[in-house]
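Here is a report on one structure. Please read it with the coordinates open.

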Amino acid sequence: MNIQAVDYSTKIPNNVNLAEDRTVLRALESWHPGYIDWWKTMGPEGFQEALVYLRTAVSVDPKGWAKFDYVKMPDYRWGILLAPQEEGRKIPFGQHYGEPAWQEVPGEYRAMLRRLITIQGDTEPASVEQQRHLGKTAPSLYDLRNVFQVNVEEGRHLWAMVYLLQKYFGRDGREEAAELLQRRSGDADKPRMLGAFNEATPDWLSFHMFTFFTDRDGKMQLESLAQSGFDPLSRTCRFMLTEEAHHMFVGETGIGRTLQRTCEAMKEAGIEDVNDIERVRALGVIDLPTMKKKLNLHYSLSLDLFGSEVSTNAANAFNAGIKGRYQETKIQDDHKLETATYPVLKLVNGQATRVDEPALTAINMRLRDDYTADCQRGLDRWNKIIEKVGIDYKLELPSVAFHRHIGEFKDAHATPDGALIDDATWNRDRDKWLPSSDDGEFIKSLMKPVTEPGKFASWISPPRVGIDNKPGDFEYVKIAA
Ligand SMILES: [Fe+2]
Ligand SMILES: [Fe+2]
């Protein structure tokens with residue numbers, strides 16, 4: 001059998017030879033009904049019968065891995081797909097640097113690996129739950145299809161993590177897999193594991209910010225797990241990254257199209273002052289200061305996902321060869337970090353101060369810096385859109401000290417520029433920097449569904465090209481009557 005071909009003869013499409021791995025196949029098959037049940041009750045609300053023009057992964061060949069067709073979402077073929085095994089792959093970092101990559105879980109790192117896989121797995125269904133109401137207010141059929149594509153792929157990512165748990169962690173793994181279907185985003189008793197995945201995604205601006213900022217955290221986590229010395233995890237994450245790229249495309253272009261529409265509407269109406277919020281909002285578009293506040297919120301929540309800047313857990317995972325750095329194999333150093341240091345912004349005597357820390361304990365910080373640089377490239381492209389239409393305004397990432405709940409700045413208040421302020425100032429000015437309930441109400445007022453093919457809501461521009469090169473009036477979703 002061609003290693004890249006996908007076996008569709010089992011209930012679960014896969015390229016890991018499940019047909020001959022009866023134990024794991026049985027475990028997955030008994031997990032399957034609970035998953036479908038979860039999808040039907042916690043997945044996209046009101047669209048389970050709709051025919052959606054979706055891509056499905058059919059191979060792991062980079063040149064032709066997906067096919068597009070109309071699918072009812074509960075019938076989507078969620079599969080287990082790993083990137084091809086690299087002959088002779090070596091552990092690329094940590095104390096086992098240069099040793100052959102592990103094909104089985106090393107006993108001493110079992111608990112650590114299980115925990116990392118479970119946390120990654122938990123984020124996947126969480127985002128589907130967070131986004132389940134969005135279908136009802138989609139600004140077009142194109143956008144409706146995009147959120148569903150993201151949702152089914154997050155579902156597949158859950159499958160990917162569950163496969164690892166069931167194949168490599170025995171009974172413990174099966175228990176973790178069951179619990180992944182029991183936690184719920186935002187639930188008081190059984191919340192999802194990470195903060196940002198318990199926040200609401202109440203509107204489409206939030207959704208696009210989420211896919212830009214929070215899916216990008218996901219990308220960075222997958223990138224560092226793709227370096228793992230545990231080869232099945234590395235191969236799984238490498239293929240997930242292929243799909244993840246589309247999620248960030250949805251976010252970046254979603255925000256880009258929103259900025260485009262706002263700027264064009266302002267130009268047409270002859271409004272020069274971006275702070276003339278009332279007049280801009282009267283045009284049925286989202287004013288730029290509100291866009292900036294949403295950006296501040298989602299960026300700061302996503303920074304929290306990287307954990308503490310200085311972390312012995314992160315150091316241990318690196319040392320163990322379990323979780324590496326972004327593009328580890330391209331970094332020119334000893335890959336062991338025995339003596340290197342890394343600069344960390346810390347709160348010292350009430351001042352934000354750069355402190356050199358051992359690079360080994362500053363692994364989270366480094367990944368977060370790589371993340372920030374990646375975000376900034378997207379902002380640069382957004383700023384070009386604003387500039388091209390001829391509006392004088394610039395989006396910026398707020399300081400890492402702003403609005404934090406985890407790490408060095410969690411007990412301090414800071415402005416988006418990074419100036420430390422007292423509680424009273426924060427309480428007075430907070431609504432200048434983060435979305436207020438008024439802003440939320442205004443955005444909500446724009447969220448009216450548009451379901452005619454080729455038509456778009458007032459606040460967002462059409463995309464430049466269609467999905468799978470389809471024409472502008474293509475019916476991406478056939479909504480069941
Ligand atoms: Fe994902
Ligand atoms: Fe994603």
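Cys 375 is buried, at a relative accessible area of 0% (buried is under 20% relative accessible area, exposed over 50%, partly exposed in between, with a 1.4 Å probe and protein chains only). Its sulfur finds the closest cysteine sulfur in Cys 237, 19 Å away, which is too far for a bond. Cys 237 is buried as well, with 0% relative accessibility. A disulfide is a pair of cysteine sulfur atoms within 2.5 Å. By this rule there are zero disulfides.

This is a predicted model, in which local features need pLDDT of at least 70 and side-chain atom pairs count only at pLDDT 80 or more, while totals for chains, interfaces and linings use all residues. Residues are numbered from 1 along each chain as its sequence is written, chains are lettered from A and ligands numbered from 1 in the order in which they are written, and side-chain values use heavy atoms, with hydrogens and water left out.

**The iron site**

Which residues hold the iron ion (ligand 1) as protein donors? They are Glu 124 (OE), Glu 154 (OE) and His 157 (ND1), at 2.0 to 2.2 Å. Donors are N, O and S atoms within 2.8 Å of the metal (3.2 Å for Na, K and Ca); water is not among the atoms, so sites may look incomplete. In sequence, the donor residues of this ion are spaced E-x29-E-x2-H. Helices (H or I, at least four residues) and strands (E, at least two) are DSSP runs, numbered from the N terminus. Glu 124 is buried at 3% relative accessible area. His 157 is buried too, at 0%.

The iron ion (ligand 2) is coordinated by Glu 154 (OE), Asp 215 (OD), Glu 244 (OE) and His 247 (ND1), at 2.0 to 2.2 Å. The spacing of these donors along the chain is E-x60-D-x28-E-x2-H. The four donor atoms subtend angles of 90 to 168°, so the arrangement is irregular. Four donors count as tetrahedral if all angles lie between 85 and 135 degrees; four count as square planar and six as octahedral if opposite donors are over 155 degrees apart and all others between 65 and 115; anything else is irregular.

The iron ion (ligand 2) and the iron ion (ligand 1) are 3.5 Å apart, and Glu 154 coordinates both. Glu 154 lies in helix H3 and His 247 in helix H6 (residues 231-269), so this pair ties together parts 93 residues apart in sequence. Glu 154 and His 247 are buried.

**Pockets and cavity**

On a 1 Å grid over the protein atoms alone, a cavity is a set of points where a 1.4 Å probe fits but cannot get out, and a pocket is an open set with protein on both sides within 12 Å along at least five of seven lines; lining residues have an atom within 4 Å of a point. Grid points are joined across faces, edges and corners, and a volume is the space filled by probe spheres set on the points. Ala, Val, Leu, Ile, Met, Phe, Trp, Tyr, Cys and Pro count as nonpolar, Asp, Glu, Lys and Arg as charged, and the others, Gly among them, as polar.

| Space | Volume | Lining by class |
|---|---|---|
| Largest pocket | about 950 Å³ | 16 nonpolar, 14 polar, ten charged residues |
| Second largest pocket | about 510 Å³ | eight nonpolar, four polar, six charged residues |
| Largest cavity | about 40 Å³ | five nonpolar, three polar, one charged residue |

The largest pocket is lined by 40 residues, and those closest to its centre are Ile 119, Leu 194, Gln 221, Leu 305 and Lys 323. H2 gives the most to this lining, with eight residues.

For the second largest pocket, 18 residues form the lining; closest to the centre are Gly 256, Arg 257, Gln 260, Ile 385 and Arg 464. H6 and H10 each supply at least two residues of that lining.

One cavity reaches 30 Å³ or more. Its lining includes Ser 140, Tyr 142, Lys 455 and Phe 474.

**Backbone**

Gln 327 is not a glycine, yet has a positive phi of about 55°. Gln 327 is partly exposed, at 31% relative accessibility. Leu 337 also has a positive phi, about 60°, without being a glycine. Leu 337 lies in the loop between H9 and E3, and is buried at 5% relative accessible area.
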